[in-house]
Amino acid sequence: MEKTDYYNDLKWCDCCGDYQRYLKSLDHSYCVDCGSIVRLFNEGDWEAFNEQMRSSKPKGGRPRKKRSAESA
């Protein structure tokens with residue numbers, strides 16, 4: 001498992017318009033520069049992340065159960 005480096009971790013701040021360092025709280029995370037609530041991604045990165053996750057999902061449904069000739 002990879003260790004996270006808290007001091008270099010960044011989240012998106014809408015107020016600053018950039019990825020910023022942040023302070024964690026129980027409910028939200030806050031930008032260290034302006035104090036506003038930060039998010040994990042901006043809109044463009046969020047859409048790209050979701051598109052990548054959609055494309056990596058397996059296509060189709062659940063595989064069929066194998067039934068023996070006796071149960072038919």
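Start with lysine 65, which lies in the segment after helix H1 (43-56). The model is predicted. Lysine 65 is exposed because its relative accessible area is 71%, and the cut-off for exposed is over 50%. Lys65 also belongs to a positive surface patch, formed together with Arg62, Arg64 and Arg67.

Now turn to paired charges. Side chains of opposite charge can pair when their charged atoms come close. The structure holds three salt bridges.

Take aspartate 14 first. Its side chain meets that of arginine 39 in a salt bridge, at 2.9 Å from N to O.

Arginine 39 has another partner. Glutamate 43 forms a salt bridge with arginine 39, and the closest N and O atoms are 3.0 Å apart. How accessible are its members? Arginine 39 is partly exposed, with a relative accessible area of 29%. Glutamate 43 is partly exposed as well, at 47% relative accessibility.

Arginine 54 and glutamate 51 are three residues apart in helix H1, so about one helical turn separates them. Glutamate 51 counts as partly exposed, at 45% relative accessibility.

Technical notes
Residues are numbered from 1 along each chain as its sequence is written. This is a predicted model: local features need pLDDT of at least 70, side-chain atom pairs count only at pLDDT 80 or more; totals for chains, interfaces and linings use all residues. Side-chain values use heavy atoms; hydrogens and water are left out. Patches are made of residues with over 30% relative accessible area and no salt bridge: like charges are joined within 9 Å, nonpolar side chains (Val, Leu, Ile, Met, Phe, Trp, Tyr) within 5 Å. Accessible areas come from the Shrake-Rupley method with a 1.4 Å probe; for residues, only the protein chains shown count as cover. A salt bridge is a side-chain nitrogen of Lys or Arg within 4 Å of a carboxyl oxygen of Asp or Glu. Lys and Arg count as positive and Asp and Glu as negative; His and the chain ends are not counted. The place of a charge is taken as NZ of Lys, CZ of Arg, CG of Asp or CD of Glu. Helices (H or I, at least four residues) and strands (E, at least two) are DSSP runs, numbered from the N terminus. Buried means under 20% relative accessible area, exposed over 50%, partly exposed in between (1.4 Å probe, protein chains only).
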